Amino acid sequence: MSTRTPGRVDKAGLVIALFLLVLAGLIWQDLSGLQLSSVYGLGPKAMPMVVSIGLAILAVGNAVIALQGGLPKRERLDWKPIVLILGGLVALIACIKFDVGFIPATAILFAATSAAFGRRAFITDLLIGFVAGTVIFLLFSKLLTLSLPMGPLERLI
Amino acid sequence: MSQYRKNFWRGAFAAAAVAGFVTSAMAQSELKIMAPAAPGGGWDQTARSMQQALTQSGIVKSVQVTNVPGAGGSIGIAQFVNGAKGDGSQLMVMGYVMVGALLTNKSPVTLDQTTPIARLTGEYEAIVVPAGSPIKTAKDLAAAVKADPAKVTWAGGSAGGVDHIAAALFAKAVGADPTKINYIPFSGGGESLAAILGGKVTAGIAGYGEFESQIKAGKLRLIGLTTPKGTPEMPSLKEQGVDLEIANWRAVVAAPGLSADQKKTLSETVDKLAKSKEWGEILKQKGWDDAYLSGDAFAKFLVEENTRTKEVLTSVGLVKP
Amino acid sequence: MDAFIALANGLTVALQPMNLLFALVGVLLGTAVGVLPGIGPALTVALLLPITFKLDPGGSIIMFAGIYYGGMYGGSTTAILINTPGESASMATALEGNKMAKAGRGGPALATSAIGSFVAGTIATLGLAFLAPTLVELAVKFGPEDYFALMCVAFITVSATFGDSPVRGLTSLFIGLALGLVGIDKLTGQARLTFGVPELLDGVEVTTLAVGLFAVGEALYVASRRHIEEEVLEPVRGSLWMTKEDWKRSWKPWLRGTLFGFPIGALPAGGAEIPTFLSYSTEKRLTKYPKEFGHGAIEGVAGPEAANNASAAGTLVPLLALGLPTSATAAMMLAGFQQYGLNPGPLLFAERPELVWGLIASLFIANTMLLILNLPLVGLWVKLLAIPQPWLYAGILVFATMGTIAAKPSIVELAMLGAFGGLGFLMRRFDYPIAPVVVGLILGPIAEAQLRRALSISLGDPMVLLQSPISATLLGVALIALILPFVLKGMSRFKAAED
């Protein structure tokens with residue numbers, strides 16, 4: 001936690017500056033691995049160079065602001081809802097990766113997000129998500145003939 | 001319009017038909033076709049047209065099309081080779097673009113890992129110049145490229161794609177240095193066409209269909225087609241002394257690890273498709289040329305195209321030897 | 001006035017009951033898919049092609065036109081209501097539109113967007129009917145160097161989305177530019193910043209980034225702050241409809257948006273995003289209520305929405321006049337024409353005038369239908385905001401992931417959506433502006449490719465940028481746009497000192 005009081009170092013701001021510097025380095029490292037160049041005009045390295053240098057300069061700029069304590073005031077963070085939502089997304093990805101199917105994946109994401117916003121009826125929300133997922137699946141596979149990820153359940157439909 | 005093209009492909013067609021003709025009572029009831037591209041593109045349209053013709057003609061009861069887009073098909077083929085191994089009910093649409101894409105993307109999966117089934121369609125490349133250009137024939141263009149390849153700018157599709165390869169082959173055929181060609185890749189057909197019409201580049205290269213209406217309207221001048229034999233209005237490059245033959249073809253391949261029986265069944269299904277009335281109608285409607293080639297002839301063709309493409313891409317510098 | 005007679009004939013074609021029905025089906029389908037992120041009109045037309053080839057050419061092409069226009073309307077609805085731009089062209093709309101919706105002004109936001117789209121669509125369609133041949137002559141004169149100059153103008157105007165700190169704004173922009181580097185380099189075919197992940201070869205999808213930053217990021221941010229302040233959404237505060245004041249503030253942005261959208265849309269590589277950003281920044285500069293920008297200014301919705309729809313009509317200029325497909329949807333419509341053996345271009349106007357003018361006339365009809373359809377829906381749409389907050393955000397997340405899965409069913413894409421969501425959250429927390437990231441991703445690659453094309457054609461001579469009159473003019477405009485704010489600031493300070 002920090003406030004806008006000048007002179008106080010904002011650690012988060014320094015982390016951001018470091019992140020930008022790492023990103024700049026990553027781009028520079030990647031561009032030095034490019035083997036081919038254009039025969040005429042500018043090569044593929046020019047733009048990454050501009051971006052990399054720009055990011056490095058901005059890293060300095062952000063660091064200066066952080067050292068002056070210039071970042072806006074922030075409140076205490078409640079991590080629980082964030083973990084719930086991102087967890088729901090991870091569960092969705094896992095469901096698709098391991099062929100559990102689109103409908104259960106959607107149901108889990110719906111229920112997890114809803115819980116993150118303070119609802120305590122997980123089973124009801126799971127059911128709502130399930131119905132929504134089924135409707136979406138039918139809409140896509142039957143009407144638009146687009147193939148959504150399939151699991152045992154989707155194959156039955 | 002495409003009489004000469006039909007004739008060319010027909011020769012290949014007849015040879016293949018004889019070679020691939022086998023009778024079997026086994027029929028396919030279910031088929032999955034993967035289009036290694038987003039819905040709407042050429043490969044997707046081929047897959048969906050196959051689906052339409054196969055089910056309408058009753059050759060296969062149910063056909064499902066899946067899309068796995070990305071990187072010129074590199075992602076689709078990786079998934080296909082790993083996921084469909086030994087499955088005799090899956091096909092993947094592919095084409096010449098994939099040959100080049102796999103090479104330039106250094107894909108760990110190669111076409112050798114698939115089971116070739118058949119080539120279905122093909123389209124020749126056309127070289128055009130703006131109507132007001134001093135270049136009138138392939139000879140003029142050849143002379144210009146030979147004099148200074150840097151000053152002849154080519155507009156075409158993506159780097160390493162069929163247009164790029166054709167431009168490099170042109171330089172090679174006329175005795176210029178293919179590494180020195182000034183090829184400018186554009187994102188979409190419309191963008192490169194606009195650059196040619198606006199006189200921003202010397203010449204344009206793409207499938208004939210993309211230029212057809214502009215040539216007819218007199219806004220572009222056709223320099224030559226990459227066919228072996230043309231017509232008086234539509235001369236081939238070869239007839240004008242530039243030894244360049246290339247076509248943008250589309251084909252289907254099956255998964256690796258198939259038994260001889262599985263391969264035979266799939267080949268027969270595709271064979272029936274290629275000869276069906278429904279497929280013929282689709283070809284006409286979409287303006288695709290029949291380029292059916294199956295069996296060992298197609299397998300050999302695939303290997304040859306792969307070798308030639310690798311050579312060209314290496315000579316242009318897009319693939320490191 | 002041949003064109004008028006032809007247009008009248010076209011109207012008789014388009015007003016046939018069957019064709020009206022096709023247009024209605026088209027606009028309904030278009031609105032439905034426009035609402036879904038990741039699924040645009042191009043995909044819909046592609047999927048419908050096999051079904052429609054049995055219909056008569058006139059009818060199905062009219063239906064495609066309906067889908068095209070409908071998609072543009074649908075995309076803005078989700079942008080305003082749930083901060084989920086259905087396509088990149090609706091991003092600018094989301095900036096102010098969603099703020100308006102959260103403040104209970106969703107009704108006027110949707111209304112100004114619908115009416116603005118109608119006004120812009122109608123004017124631009126008139127332009128298509130009467131100016132197409134002239135405009136297209138100019139459009140093909142645009143070379144790579146001219147596009148690069150246009151990008152320079154666009155880059156300067158991006159600063160309008162920067163918020164109050166230039167360093168933070170530029171940081172956002174450069175993160176976007178870095179993301180734009182990912183993928184195969186268009187000119188040499190090499191992979192950049194893909195780290196051996198093949199799914200990254202095609203680059204970062206704009207809709208994935210926009211939906212991740214806007215929708216997922218917002219959900220995370222709001223959820224994390226629930227213990228501090230409960231977000232209260234009031235579907236309607238004040239009038240559901242546009243007030244007199246709203247009209248007064250909207251009509252000029254509509255017209256200016258059209259002026260940006262139509263000509264830039266008609267350029268073969270113009271696109272719909274650039275005019276929407278140009279319009280947004282112009283409105284921000286010209287507005288009498290600069291304090292409202294960033295908190296829901298109606299001008300910031302009216303202008304970009306008009307620009308968006310006008311550019312959609314502009315795209316049809318090169319398609320009909322030359323047969324140049326300059327957007328994915330236009331390419332699909334071209335395929336639609338071709339399956340009937342028709343080739344758009346100068347010959348089609350001469351050979352099948354009833355078809356071309358029927359299409360143009362049906363664009364007017366589709367536009368009118370969309371207005372009639374959308375205005376009564378405004379009341380219904382804003383009720384969406386009355387859904388209990390947990391369900392509303394759960395629905396938004398399901399919606400966002402579904403669009404991604406349908407467009408690109410890959411785990412890498414979903415992981416990126418999640419990562420961009422996290423980025424969006426952090427940027428909100430540390431007060432970095434979001435829009436410049438998306439702008440950087442859109443503009444960076446185009447600017448790079450066009451500059452490199454120009455220099456390849458000129459064999460490396462940078463003077464080509466000044467030798468082309470179009471490019472030189474645009475660069476001049478960019479320079480003025482860069483300097484003018486400082487000059488104005490200096491002058492106002494000078495004045496203040498005098499007072």
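In this predicted model, A:F117 and C:Y393 are both buried. Over all chains, the count of aromatic pairs comes to 10.

A further pair is found within chain C. The rings of C:Y280 and C:F293 have centres 5.7 Å apart and planes at 65 degrees, and because an angle over 60 counts as edge-to-face, the pair takes that arrangement. C:Y280 lies in helix α11 (residues 273-286) of chain C, and C:F293 in the loop between α11 and α12 (299-322) of chain C, so that the pair links distant parts of the chain, 13 residues apart. C:Y280 counts as buried because its relative accessibility is 5%, and C:F293 is likewise buried, with a relative accessible area of 7%.

In chain C, the charged end of C:R249 sits over the ring of C:Y289, at 3.9 Å from the ring centre. Another such contact involves chains B and C: C:R453 lies over the face of B:F186, with 4.5 Å to the centre of the ring.

Turning to chain B, one aromatic cluster is formed by B:Y96, B:W249, B:F298 and B:F301. B:Y96 is also one of the buried residues of α4(B), together with B:M98, B:V99, B:G100, B:A101, B:L102, B:L103 and B:T104. Helix α4 (residues 96-104) of chain B is largely enclosed by the rest of the structure, because eight of its nine residues are buried. What do these buried residues pack against? Their partners, within chain B, are the helices α2 (42-56), α3 (74-83), α6 (162-173) and α11 (295-316), along with the strands β3 (90-95) and β9 (247-254). Just after α4(B) comes B:K106, which takes a positive phi of about 50 degrees.

In chain C, C:D431 has a phi near 60 degrees, a positive value in a residue other than glycine. C:D431 belongs to the loop between α17 (411-429) and α18 (435-457) of chain C, and its relative accessible area of 37% makes this residue partly exposed. C:L459 likewise has a positive phi near 60 degrees, again in a residue other than glycine. The position of C:L459 is in the loop between α18 and α19 (464-467) of chain C. With a relative accessibility of 36%, C:L459 counts as partly exposed.

Finally, the surface of chain C carries a nonpolar patch of about 730 Å². Which residues make this patch? The contributors are C:L479, C:I480, C:L482, C:I483, C:L484, C:V487, C:L488 and C:M491. One of them, C:L484, lies in helix α20 (residues 469-498) of chain C. C:L484 counts as partly exposed because its relative accessibility is 41%.

Terms used. Residues are numbered from 1 along each chain as its sequence is written. Chains are lettered from A and ligands numbered from 1 in the order in which they are written. This is a predicted model: local features need pLDDT of at least 70, side-chain atom pairs count only at pLDDT 80 or more; totals for chains, interfaces and linings use all residues. Side-chain values use heavy atoms; hydrogens and water are left out. Patches are made of residues with over 30% relative accessible area and no salt bridge: like charges are joined within 9 Å, nonpolar side chains (Val, Leu, Ile, Met, Phe, Trp, Tyr) within 5 Å. Accessible areas come from the Shrake-Rupley method with a 1.4 Å probe; for residues, only the protein chains shown count as cover. A salt bridge is a side-chain nitrogen of Lys or Arg within 4 Å of a carboxyl oxygen of Asp or Glu. Helices (H or I, at least four residues) and strands (E, at least two) are DSSP runs, numbered from the N terminus. Buried means under 20% relative accessible area, exposed over 50%, partly exposed in between (1.4 Å probe, protein chains only). Contact means heavy atoms within 4.5 Å. Rings of Phe, Tyr and Trp (its six-membered ring) pair if their centres lie within 6.5 Å; planes under 30 degrees apart count as stacked, over 60 as edge-to-face and the rest as tilted. A charge sits over a ring if NZ of Lys or CZ of Arg is within 6 Å of the ring centre and within 35 degrees of the ring normal.
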